[in-house]
Amino acid sequence: MDAEEWFHVPGREDYARPERWGALEPSFPRALECTLDLLQEGGWRATFFVLGWLARRYPGVVRRIAEKGHELACHGMEHRLVGGMTPADFARDLVSAKVAIEEACGLPLAGFRAPCWSMPRAAWPYEVLAEQGFAYSSSRLAIAGLGGGDARVARVCEVLELPALSAGLRPLAWPAGGTVALRTAPLPLLARARDRALRAGRPAVYWFHPWELDAEAPRASGGALFRWARYTRLDRLPGRLKALVPPGDRRLGPLAARVDSGPSSGDTDP
C-alpha cells in the first residue's frame with residue numbers, strides 16, 4: 001500500500017504545495033480503516049509505504065497499521081520525486097520521514113518506496129538508503145515512463161530492490177500489479193502475469209492506495225484520460241485482489257520478509 005492522501009498527485013500545480021494540504025478534505029483516516037478491514041477479511045499481512053507528512057499529522061492513525069500486524073515502510077516526507085532531488089536533499093527527506101514514521105509506530109523501518117516510481121537509474125539513491133539504515137526498496141516498475149529499469153530482483157549498494165509486478169517486454173510492458181491494469185485487464189491475463197513472475201523466482205508485488213477503497217474520498221480534478229486512469233472501475237479492486245492473492249497464504253506478508261532470500265552476491269547495475 002502506498003499510504004498517501006487522494007491529493008498527493010505530483011506534477012499538478014493545484015495539489016503540489018504541502019502548505020495547502022491542511023486545507024483539503026482528508027480521506028486517509030477513513031480510507032485506512034477500509035484497507036485494514038479488507039486485509040483482515042483476506043487474512044493478509046501487507047507493507048504500508050507511509051508518507052512522513054501523514055505520520056506527523058495522524059500518528060495515532062498510522063500506529064493502527066502496526067497494531068494490526070502490518071509492516072510500515074517509508075514513502076518519503078512530502079511525496080517528492082527522488083529524481084528531482086540531490087543526494088543531500090534525499091538524505092534530509094529520508095531522515096525527516098523516517099523519524100516521523102518511527103515515532104508514530106514505535107518500530108524501526110526497513111523499506112522504502114520512491115513516490116511515482118521516481119528512482120533514477122543510478123546507484124546514488126541506494127547509497128543514501130544504505131547510509132540511512134534501509135535494507136530494501138520497492139521503487140521500480142519496469143515500464144517505459146514509469147521508472148523503467150529491470151523487473152528482476154537485485155541488490156544495489158547492499159539494498160535489495162524488489163520491483164513491483166509488471167508483464168510483457170519493453171516497449172509493450174504493462175503494470176500487472178496495480179493502477180488501471182489491476183482494475184481493468186482481463187483476470188486470466190493478470191493471473192498469468194502473476195504466475196510467470198513466481199515461476200521465475202520473483203515476488204508478485206501488488207500495490208494500491210487506501211483512498212481507492214474509500215467511496216467518499218474527494219476526487220482530484222484533471223482531464224478525461226487522467227480521470228479514467230485514476231478512477232475507472234474502483235469497485236473491482238477488492239474482488240480482483242481476492243481472486244489473485246490466496247487468502248491467508250503463508251508465503252505472503254511484509255516485504256521485509258523477502259530481504260534475506262534476495263541475491264547476496266556483489267552490487268548489481270540498477
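R194 counts as buried, because its relative accessibility is 17%, where buried means under 20% relative accessible area, exposed over 50% and partly exposed in between, computed with a 1.4 Å probe on protein chains only. The side chain of R194 meets that of D195 in a salt bridge of 2.8 Å, N to O, a salt bridge being a side-chain nitrogen of Lys or Arg within 4 Å of a carboxyl oxygen of Asp or Glu. This is a predicted model, in which local features need pLDDT of at least 70 and side-chain atom pairs count only at pLDDT 80 or more, while totals for chains, interfaces and linings use all residues. Residues are numbered from 1 along each chain as its sequence is written, and side-chain values use heavy atoms, with hydrogens and water left out.

**Salt bridges**

- The structure holds eleven salt bridges, including the pair of R194 and D195, in which D195 counts as partly exposed because its relative accessibility is 29%.
- Another of these pairs joins the side chains of D150 and R152 at 2.8 Å, N to O; D150 is partly exposed, with a relative accessible area of 28%, whereas R152 counts as exposed at 55% relative accessibility.
- The side chains of R233 and D235 also meet in a salt bridge, with an N to O distance of 3.5 Å; R233 is partly exposed at a relative accessible area of 38%, and D235 counts as exposed at 58%.
- In general, side chains of opposite charge can pair when their charged atoms come close.

**Helices α4 and α5**

- Helix α4 (residues 87-105) and helix α5 (residues 124-131) pack at an angle of about 35 degrees, with their axes 10 Å apart; helices (H or I, at least four residues) and strands (E, at least two) are DSSP runs, numbered from the N terminus.
- The axes are lines fitted to C-alpha atoms, for helices over the stretch in contact, and the angles run from 0 to 180 degrees between N-to-C directions.
- In α4, the residues P87, F90, A91 and L94 meet W124, P125, V128 and L129 of α5, contact meaning heavy atoms within 4.5 Å.
- By class, this contact of α4 with α5 has eight nonpolar, no polar and no charged residues, where Ala, Val, Leu, Ile, Met, Phe, Trp, Tyr, Cys and Pro count as nonpolar, Asp, Glu, Lys and Arg as charged, and the others, Gly among them, as polar.
- K98, which is also found in helix α4, is buried, with a relative accessible area of 17%, and K98 touches L109, Q132 and F134 when residues up to four places away in sequence are not counted.

**S137 in strand β5**

- S137 lies in strand β5, which covers residues 136-137, and S137 counts as buried because its relative accessibility is 0%.
- The side chains of S137 and S139 are joined by a polar contact of 2.7 Å, that is, a pair of N or O atoms within 3.5 Å, of which, within protein, one must be able to donate a hydrogen and the other to accept it, and residues adjacent in sequence count only if both atoms are side-chain atoms.
- Not counting residues up to four places away in sequence, S137 touches F112, M119, Y126, L129, V159, L160, E161 and L162.

**L81 in a loop**

- L81 is found in the loop between β3 (71-74) and α4, and L81 counts as partly exposed at 37% relative accessibility.
- The C-alpha atoms of L81 and G11 are separated by 9.7 Å, although the two residues are 70 residues apart along the chain.
- With neighbours within four places in sequence left aside, L81 is in contact with P10, P115, C116 and S118.
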